[in-house]
Structures are given as C-alpha cells and as structure tokens.
Amino acid sequence: MTSQAGAVATRPMERFKQELALRMPTLQNALVGTGMPSEKFRANVLAAVAANPELLHADRASLFRACLDAAMLGLMVSPTLGQFYLVTFRTKQKDGTYKLLVQGIPGYKGYIHLTRQSGEISALYAHEVYQNDTFKVIFGTDKHLVHEPKLDGDRGPMVGVYCAWKFKDGSTDFEYMSKAEVDEIKARSRGPSGGPWGTDYTQMARKTVIRRAAKYLPLSVQKAAVMDAAVDQGAPTYIDQETGEVIVEEGEIVDITDGGGAEAATQTVAQPKETSLDKFAQKVSATLPNTPAPPGAPASASPGPSQPPGTVPA
C-alpha cells in the first residue's frame with residue numbers, strides 16, 4: 001500500500017521530466033551565447049521543481065515559459081543560488097475560479113551574474129549605508145563615493161543604499177538612493193507590508209538601487225530590471241521568444257506566499273499572444289498520458305495558450 005502511494009506521488013515529477021526532455025531543444029537555443037551548459041541548466045530546473053512541488057500543479061505552459069525566461073537571461077533557477085526564482089500565484093478566471101500560474105523573478109545575485117556575464121563590467125556590488133558609517137557622495141566633474149562601515153559598535157539605523165560598478169576599461173560609476181526613496185518604491189509595490197519586503201528588506205533595497213542604475217548597465221540587466229519592477233508592481237511579465245523584448249501584461253497578480261489571500265482578490269490579467277513555445281507545449285502535452293493530481297492539489301488547466309508568468313519575492 002505504501003509502495004503504491006509512493007509511486008502515485010512520483011508520477012507528476014516523472015511526467016515533468018519527460019516534458020522537460022522534450023522542451024530542452026528550445027531551452028538549449030535560448031542558452032546559446034550565455035555560457036551556461038544546457039545539462040547544468042536542466043539539473044537546476046529539476047532541483048527547483050523538486051524543492052517546490054506546488055510548481056507541478058501550476059499551469060505547465062507558464063512554468064516552462066518562466067524557465068525559458070531564465071534561459072534567455074542565462075540565469076540558474078536554483079533557489080539556493082538566488083539568481084532566478086520560480087514563484088506560483090493565482091489569477092481569477094472569468095468564471096470566478098482561480099488558475100495557478102508561474103512567474104520568473106530575477107534575484108539580487110542574478111543581477112550580479114548578468115553584469116559579469118556581459119563582459120562589459122568586471123565588478124558590481126551593492127551595500128546599505130547606516131547612520132554611524134563614514135559615508136560621502138561627491139557629484140560633479142569628480143564624481144566619487146566613499147564608504148567606511150563602522151566595524152565595531154552600533155552602526156545605527158539604515159539611511160540609504162548604493163550600488164557601484166567597474167567597467168573593463170577601469171572607469172567606475174555608482175547609484176545612490178536614500179532610505180526614504182527606497183521606501184517610496186516599497187510603498188508602491190504589490191506587497192509593501194509582507195512578502196520579500198517584509199522578510200528580506202535589505203536584499204530588496206539592494207535590488208531596487210540596481211534597478212535604478214540599470215539604464216547604465218548591460219541590456220540583459222535592463223531586461224531583468226524591467227521584469228523585476230513590473231512584478232513588484234503586480235504585473236505579470238515574460239520575455240518574447242522571437243524579439244527578446246520584455247512584455248509587461250496588464251492586470252494585477254496575487255501573492256500566495258502566505259498560503260492564502262487569493263479568494264479575496266479581484267484579479268484581471270490580459271491574455272498574452274500565443275508564442276511558438278505555447279504551440280509546442282500543446283503538441284507535447286497531447287503525446288503524454290494524463291496523470292491525476294494528488295488529493296487536495298489545485299486542478300490543472302487544460303493544455304493550451306496560458307497567461308504569461310507573474311508574482312513575487314526577492
């Protein structure tokens with residue numbers, strides 16, 4: 001009896017492995033030029049899904065679209081690496097039911113990786129500044145920044161955050177935001193009092209200042225920043241497979257990291273255009289046997305074009 005129950009529990013993961021194998025050619029094409037081995041990317045996708053079984057009960061097309069976004073950026077989806085996260089959220093359908101979808105979200109370490117991967121920048125880092133640190137910002141023709149953290153005793157409250165980077169030619173630049181400016185961004189976010197802003201304020205502050213500086217950074221960082229900022233405001237996003245542009249959909253996404261709240265939300269999300277990945281997903285799903293979801297799992301949607309990814313954390 002126990003053996004049969006274990007076999008049933010492993011079926012969704014086995015089915016996912018089959019589907020991932022069939023989609024690997026598409027993901028391999030997306031990885032070209034990123035320097036990431038496709039087998040390593042595949043292993044990280046499997047590890048990420050195994051660590052969060054709820055992903056297996058989400059709309060499968062949105063899950064693979066989020067993986068494709070990570071591949072196009074050249075980021076690992078492993079939650080332990082902090083480069084790119086696969087997060088589930090619900091959207092309210094016209095009939096009043098909710099659909100579980102997946103959104104890809106760049107992490108702080110993903111921004112660091114993208115800057116180095118570009119070949120244009122040799123180093124990028126971000127730090128928060130505290131009241132008792134020695135900190136000085138000079139603008140003008142001799143723009144520079146000095147930060148000496150207080151290494152002993154109380155550093156005081158946080159007063160700001162900055163990121164600095166060094167180009168391959170040796171030149172440097174930086175971006176600074178006061179805590180008040182960061183908190184203005186936080187207040188406009190989808191979950192100002194919960195989610196990552198509530199649990200990982202420092203990491204979110206660092207990401208926020210990097211997003212502000214993205215216009216001076218490589219294109220891949222700019223794409224990640226557009227995705228990140230849109231999701232933080234509650235709009236689902238994805239990278240168009242054909243043009244490479246970031247598509248920001250209209251509507252508001254629901255954060256279910258606390259395990260609830262979806263039923264109380266009013267949800268409207270625009271239907272994205274069907275991409276070649278969606279069409280491929282339909283063909284693949286038609287060739288695989290149906291696997292019943294475990295008792296209590298959300299009902300999965302039928303194969304076909306899905307909404308683009310969308311939701312939160314850092």
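A residue is called buried when its relative accessible area is under 20%, exposed when over 50%, and partly exposed in between (1.4 Å probe, protein chains only). Helices (H or I, at least four residues) and strands (E, at least two) are DSSP runs, numbered from the N terminus.

This is a predicted model, in which local features need pLDDT of at least 70 and side-chain atom pairs count only at pLDDT 80 or more, while totals for chains, interfaces and linings use all residues. Residues are numbered from 1 along each chain as its sequence is written, and side-chain values use heavy atoms, with hydrogens and water left out.

**Overall**

The protein has 314 residues, and 47% of them are buried. Its secondary structure consists of 9 helices and 10 strands. Taking contact as heavy atoms within 4.5 Å, 64% of the contacts with a separation of 6 or more join residues 24 or more positions apart.

**Helix α7**

Helix α7 covers residues 201-213. From first C-alpha to last it reaches 19 Å, close to the expected 18 Å; the expected span is 1.5 Å times one less than the number of residues. The helix is mostly covered, with 10 of its 13 residues buried. Among them are Tyr 201, Met 204, Val 209 and Ile 210, as well as the charged residues Arg 206, Lys 207 and Arg 211.

**The core**

A nonpolar core is a set of buried Ala, Val, Leu, Ile, Met, Phe, Trp, Tyr and Cys residues joined through side-chain atoms within 4.5 Å. The largest one holds 60 residues, and those touching the most other members are Phe 16, Leu 20, Phe 41, Val 45, Leu 86, Ile 210 and Leu 217. Helix α3 (residues 60-73) gives this core its largest share, 8 residues. Leaving aside neighbours within four places in sequence, Leu 86 contacts residues including Ala 48, Leu 63, Cys 67 and Val 102.

**Aromatic rings**

Rings of Phe, Tyr and Trp (its six-membered ring) pair if their centres lie within 6.5 Å; planes under 30 degrees apart count as stacked, over 60 as edge-to-face and the rest as tilted. The whole structure has 6 aromatic pairs. One of them, Phe 16 with Phe 64, is stacked, at 5.4 Å centre to centre and 15° between the planes. Phe 16 lies in helix α1 (residues 2-31) and Phe 64 in helix α3, 48 residues apart. Both are buried.

A charge sits over a ring if NZ of Lys or CZ of Arg is within 6 Å of the ring centre and within 35 degrees of the ring normal.

| Charged residue | Ring | Distance from ring centre |
|---|---|---|
| Arg 23 | Phe 64 | 4.0 Å |
| Lys 143 | Phe 174 | 4.7 Å |
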